Amino acid sequence: MTDNRFFNRSELIGILVLAVFLVVVLPLTLDVFRLNLVAKYLTYAFVALGLVICWGYGGILSLGQGVFFGLGGYCMAMFLKLEASSVENTKIQSTPGIPDFMDWNQITALPFFWKPFNSLTFTIAAIILVPGIFAWIIGTAMFKRRVGGTYFAIITQAVAAILTILIVGQQGYTGGINGMTDLRTLKGWDIRPDHAKIVLYFFEVGCLFVCIMIAQFVRHSKLGRILVAMREKEDRVRFSGYSVANFKIFAFCIAAMFAAIGGAMFALNVGFMSPSFVGIVPSIEMVIYTAVGGRLSILGAIYGTLLVNFAKTSLSETFPELWLFGLGGLFIAVVLAFPNGLAGIWGDYVQPRIDRLIASRKSKPDGWTDSSVADGAPAE
Amino acid sequence: MLVGHQPKEFLLAVEALTVSFDGFKAVNDLSFYVDENEIRVIIGPNGAGKTTVLDLICGKTKATSGSIQFRGKELTRMRENEIVKTGVGRKFQNPSIYDDLTVFENLEISYPRGRSVFGALTFTRDAAVRDRVHEVAEMIFLKDRLHMNADLLSHGQKQWLEIGMLLIQDPDLLMLDEPVAGMSVSERAKTAELLNRIIKNRSVLVIEHDMKFVEDIAHKVTVLHQGQILSEGTMEKVKNDPKVVEVYLGH
């Protein structure tokens, strides 16, 4: 047992392997179009990371993470949209200086809640705080009343459905079903050309590693162990003097904030935001990424997200009708056969072999180089 | 105000306590008092409401009416974790430990520090924590199993671990629900020895069926029957009470 508050030795190796994979291997081997696809997939990895804390460790299954992904994404998109809607850019509108979809919906002045999004500082704060506070409200309302398990999952689904309906219905304020499109610049810096895509990819990977470190810190703190304890014996934790509700609210809020950062990255990297990333279906897909990667593994969730999304892109190009069945089947298979996902398979089958290999190589005198771990599989 | 009569300071005063589940009164107008450093055993036939009484004191079940005062604080209005903070500890009937954590981590979680969310985030495993965990592990016979996952322990060891988790919490009132149930003879002897050591300097409320064990440790015995007190007093007195013999000890 080490005293490091972030990781032990094997986790450090896993994080380094992931860093090499994302920072060196992918940018060198993929063209800008594919790299931008990876950037899009990685935005979901933020959500999966939050779900590892909330669902894997805390046992709180949320089927509404799309809500927080969406809130973060819309906050970012509102800032970008305002910048793209300068008077100069929108002079053909009947009211220049407001987003195009407002003009189409006969709105003649910028609504009050849009105004603060002219400030980037406010926007960044809002990306974290709006979903955080919303999660705190839902969490307080549910967990203080001891609503948990399936009921909580259903309620989060309901919230996802409500938010989608709200966004679609309030077309003049939100862009409706089309979402916010035609996002152009960030503080005057064009986010659309190839070199911007590459910069944004690296920025996103940087943010992802910050979130991984936060997740590792939580996991290695006593709070991480209390979450595990709570998942098993909620009453025992309560009668050891802890307020179970507060710990659940914390886990849910962390997951919400991670999801929101992912959403904001989505708006930046993909260049639009729409209600199709908010509702029930995307929320459930995000849970599947986590399940496939391994809900107890911080790094596993990231590989799981990448893998399922690669599969989704390639399979849905070839068999568009079958893909959803494939996704459903994958979820059932993982739950039944590999409850700990890819990370579980790695830990049970691959890691022991590597350990044995290293042990046998070490007994030989010749030099040995580390090449067996860098194949991009979850290292935990 | 009573004149000419100084009311005695009880550690725990249960008065007119009633709980009703859909009209069924599991505990009915129950009153009893526990002194400082007293060991009180509650006995009674199945369904007498023994476990419910403990549930009511520790806040797991909310009382329909009546009062529970602990050091003058009303427990019936508090949440479970607040009751723990006032100094009440509870062991459950089935060993309630965290299977996925090690023995060390199980004990560490029960260490009474860093119980808030941010306290838990910034909690450090310093020398004080380590020493206390090792000390308690030694007492509960699990010194050499500290880094073993708790689900690998035997049933008796799990019971000890939970007792250890309470011990590290250092409560003023310790409530034990059938601490020796399901144990082998040798484990039972060791547990009796352990309990005799840990009940010093605190009050203990025990539910137990093993009469020999009860005789060994009890200062006072309360016999419950259908949610009410049938008899109360020393073991000797209770044993010879014809009502008790009829409903409980007779068979």
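Two residues are said to be in contact if their C-beta atoms, placed from the backbone, lie within 7 Å. Keep that rule at hand as we walk through the two chains. The model is predicted, and local features need pLDDT of at least 70, side-chain atom pairs count only at pLDDT 80 or more, and totals for chains, interfaces and linings use all residues. Residues are numbered from 1 along each chain as its sequence is written, while chains are lettered from A and ligands numbered from 1 in the order in which they are written.

Let us start with chain A, which has 15 helices and two strands. Helices (H or I, at least four residues) and strands (E, at least two) are DSSP runs, numbered from the N terminus. The C-alpha atoms of chain A fill a box of roughly 80 × 55 × 45 Å along the principal axes. The radius of gyration, taken over C-alpha atoms, can be set against the globule rule, which is 2.2 Å times the number of residues to the power 0.38. For the 380 residues of chain A, a compact globule would have a value near 21 Å, and the chain's 22 Å agrees with that.

Now look inside. A residue is buried if 20 or more other C-beta atoms lie within 10 Å of its own, exposed if 12 or fewer, and partly exposed in between, with C-beta atoms placed from the backbone. In chain A, 44% of the 380 residues are buried. Is T140(A) buried, partly exposed or exposed? T140(A) is partly exposed, because it has 16 other C-beta atoms within 10 Å. You will find T140(A) in helix α5 (residues 120-143) of chain A. The C-alpha atoms of T140(A) and A245(A) are separated by 7.5 Å, although these residues are 105 apart along the chain. Among contacts in chain A between residues at least 6 apart in sequence, 79% join residues at least 24 apart.

In soluble globular proteins, nonpolar side chains tend to be buried together. A nonpolar core is a set of buried Ala, Val, Leu, Ile, Met, Phe, Trp, Tyr and Cys residues joined through C-beta atoms within 7 Å. The largest such core here has 178 residues, and A48(A) and L49(A) touch the most other members. Helix α11 (residues 244-270) of chain A gives this core its largest share, 21 residues. Leaving out residues up to four places away in sequence, A48(A) touches several residues, including M286(A), Y289(A), A301(A) and I302(A).

Chain B comes next, with ten helices and ten strands. Its radius of gyration is 19 Å, close to the 18 Å that the globule rule gives for 251 residues, so chain B is as compact as a globular protein of that length. Of its 251 residues, 43% are buried.

The strands of chain B build sheets, and two strands pair if DSSP finds at least two bridges between them. One open sheet has four strands in the order β2-β1-β4-β5, with antiparallel pairing. At its edges stand β2 (24-34) and β5 (73-74) of chain B, each with a single partner strand, so one side of each is left without a neighbour in the sheet. Inside this sheet, five bridges join β1 (residues 12-21) to β4 (residues 65-70) of chain B, and E15(B) has S67(B) as its bridge partner in β4(B).

Another open sheet of chain B has six strands in the order β6-β7-β8-β3-β9-β10, with mixed pairing. Here β3 (residues 39-43) and β8 (residues 203-207) of chain B run parallel over four bridges, and V41(B) has V206(B) as its partner in β8(B). Helix α1(B) packs on this sheet, touching β3, β6, β7 (173-177), β8 and β9 of chain B.

Finally, where do the chains meet? In all, 24 residues of chain B are in contact with 20 residues of chain A. Helix α2(B) gives the most to the side of chain B that touches chain A, with four residues.

Definitions and conventions: Axes are lines fitted to C-alpha atoms, for helices over the stretch in contact, and angles run from 0 to 180 degrees between N-to-C directions.
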